[in-house]
Amino acid sequence: MHIIILGDIIFYIKCFIIFSFLGFFFESFVYKVSSSSKHSGALHGPYTLVYGFGFTLNMFIFYFLNLKINFINSLFYYILFCMGATLCEFVFGHLINFLFHTDMWDYTSYKDRIGKYIRIKYFFIWGLISSFIIFLGNKFLNNFFGLISNRFIIFTIFLIVIDFVLSIKKNRN
């Protein structure tokens, strides 16, 4: 069993911020390539929080369980990563709709869906992406997160909170 300490909390906050940025740039790239006029994320800044939360949840699952990596445990992690990312997609879909009265994604026109915010195809894709990054990039991520200053993290969280509050206030008027 893993006990959460302050250093772990900082690690997970860094994970959240970095993958919120990476998710924004990944999704913006996909939109650009597909000639879509969509904008990644519900806020104004260059971050898409669903990616940050989804990946951070999967990192937490990985470190919390701390299973020896073998074939069976890798499959178990993969299924958990699929479920973790899909849970975030489901929760954030509803949360964005509730807070901003808009849908950032809507899968109702697809047959391989569960409700409005979950698509089976993406269930498997998010698990693959999470597995790939966590299993193969774990050492790199730990080293990279160590380079990020806590001041940068505090400043970025401050900006995200301001963006969140102003976006909600704008939407309510």
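Me: What makes up the protein chain, in helices and strands?
Reply: The protein chain has 5 helices and 2 strands. Both are DSSP runs numbered from the N terminus: H or I over at least four residues for helices, E over at least two for strands. Along the sequence the pattern reads α-α-α-β-β-α-α. Bear in mind that this is a predicted model, where local features need pLDDT of at least 70, side-chain atom pairs count only at pLDDT 80 or more, and totals for chains, interfaces and linings use all residues. Residues are numbered from 1 along each chain as its sequence is written, and side-chain values use heavy atoms, with hydrogens and water left out.

Me: Why are helix 2 and helix 4 called roughly perpendicular?
Reply: Helix 2 (residues 49-65) and helix 4 (residues 120-147) pack at about 70°, axes 11 Å apart. Those axes are lines fitted to C-alpha atoms over the stretch in contact, and angles run from 0 to 180 degrees between N-to-C directions. Roughly perpendicular covers 65 to 115 degrees (under 35 is roughly parallel, over 145 roughly antiparallel, the rest oblique). Helix 2 and helix 4 are therefore roughly perpendicular.

Me: Which residues of helix 2 meet helix 4?
Reply: Contact means heavy atoms within 4.5 Å. In helix 2, Tyr51, Phe55, Asn58, Met59, Phe62 and Tyr63 do so, meeting residues of helix 4 including Trp126, Ile133 and Phe135.

Me: How much of the protein chain counts as buried?
Reply: Of the 173 residues, 42% do; buried means under 20% relative accessible area, exposed over 50%, partly exposed in between (1.4 Å probe, protein chains only).
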